Amino acid sequence: MTEIAESTRSHNNNNNNNNTSPSSASPSSPSSSLIEKLRQSHPHDHDVMIYPDLPTFRQVYSRATKEALERNEIVFLATTYDSFQKVVDSLTQVGVSVNKEAKEGNLVVLDAGKAYQIDIFGAFEFAKSLVMRAAKDVKTGIFNISDMGSFFLADRMPVLVDYERSLKKKMEIELKAVCSYHKGDFENLSNDQQENILSAHSRIIS
């Protein structure tokens, strides 16, 4: 079954209209630095990434997804500010065959609002089910990038902090998990909240 669910979150039209191609990142661009750091992720890592803007984030999740698929990993993306079609377009621009990968069960794209705000552990439970599938299908692992912006849209920052702190820095399951924050969202947290979130992760990618 194809496991792509359309994101229904509203997003910034000005950012969405930006014509920056995910495949056009220069070696010195912010996205290149973030992608290089993501390449250092290992199974069981629970990392946090703070990205400066949506065009950069699109480049990062697109390139990281393509590379993970090439490593024979299952990719799980949870999107907040980008629509489903924007994610598909961004992945397509870097050469990902979205429909093919989805039909084969290698790529899952979900609305982060539905994945986290109905049941905050829903996304994590889903990731655990993908780990079992990966073992069955002889995959090399699971790679996850989740945008945590839905907690800010729902004004549930204390719940977000509790959720992040409930997860271990090194997960027991074979999962590379990257909790992603727009810089503007992260700066809206108190200093204590920022410190609690950063300390809950094995690596800080920024």
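Predicted model: local features only at pLDDT ≥ 70, side-chain atom pairs only at ≥ 80, totals over all residues.
**View 1. Helices α2 and α3 cross at roughly 35°**. Here we zoom in on helix α2 (residues 30-38) and helix α3 (residues 54-70), whose axes come within 9 Å. Helices here are DSSP runs (H or I, at least four residues), strands are E runs of at least two, and both are numbered from the N terminus. An axis is a line fitted to C-alpha atoms, for helices over the stretch in contact, with angles from 0 to 180 degrees between N-to-C directions. Residues are numbered from 1 along each chain as its sequence is written, and side-chain values use heavy atoms, with hydrogens and water left out.

**View 2. Who meets whom between α2 and α3**. On the α2 side you'll find Pro30, Ser31, Leu34, Ile35 and Leu38. They meet Thr56, Gln59, Val60, Arg63, Ala64 and Glu67 from α3 (contact means heavy atoms within 4.5 Å). Sorted by class, that makes six nonpolar, three polar and two charged residues (nonpolar: Ala, Val, Leu, Ile, Met, Phe, Trp, Tyr, Cys and Pro; charged: Asp, Glu, Lys and Arg; polar: the others, Gly among them).

**View 3. Tyrosine 181 and its ring partners phenylalanine 152 and phenylalanine 186**. Rings of Phe, Tyr and Trp (its six-membered ring) pair if their centres lie within 6.5 Å; planes under 30 degrees apart are stacked, over 60 edge-to-face, the rest tilted. By this rule there are nine aromatic pairs. One of them joins phenylalanine 152 and tyrosine 181 edge-to-face, 6.2 Å centre to centre with 90° between the planes. This pair links distant parts of the chain, 29 residues apart: phenylalanine 152 sits in helix α8 (residues 149-153) and tyrosine 181 in strand β5 (residues 175-182). Tyrosine 181 also pairs with phenylalanine 186: the centres are 5.6 Å apart and the planes at 70°, so this one is edge-to-face too. Relative accessible area is 12% for phenylalanine 152, 1% for tyrosine 181 and 6% for phenylalanine 186, so each is buried (under 20%; exposed is over 50%, partly exposed in between, with a 1.4 Å probe and protein chains only).

**View 4. Phenylalanine 121 in its loop**. Leaving aside residues up to four places away in sequence, phenylalanine 121 touches Tyr163 and Ser166. Serine 166 is 45 residues away in sequence, yet 10.0 Å away in space, C-alpha to C-alpha.
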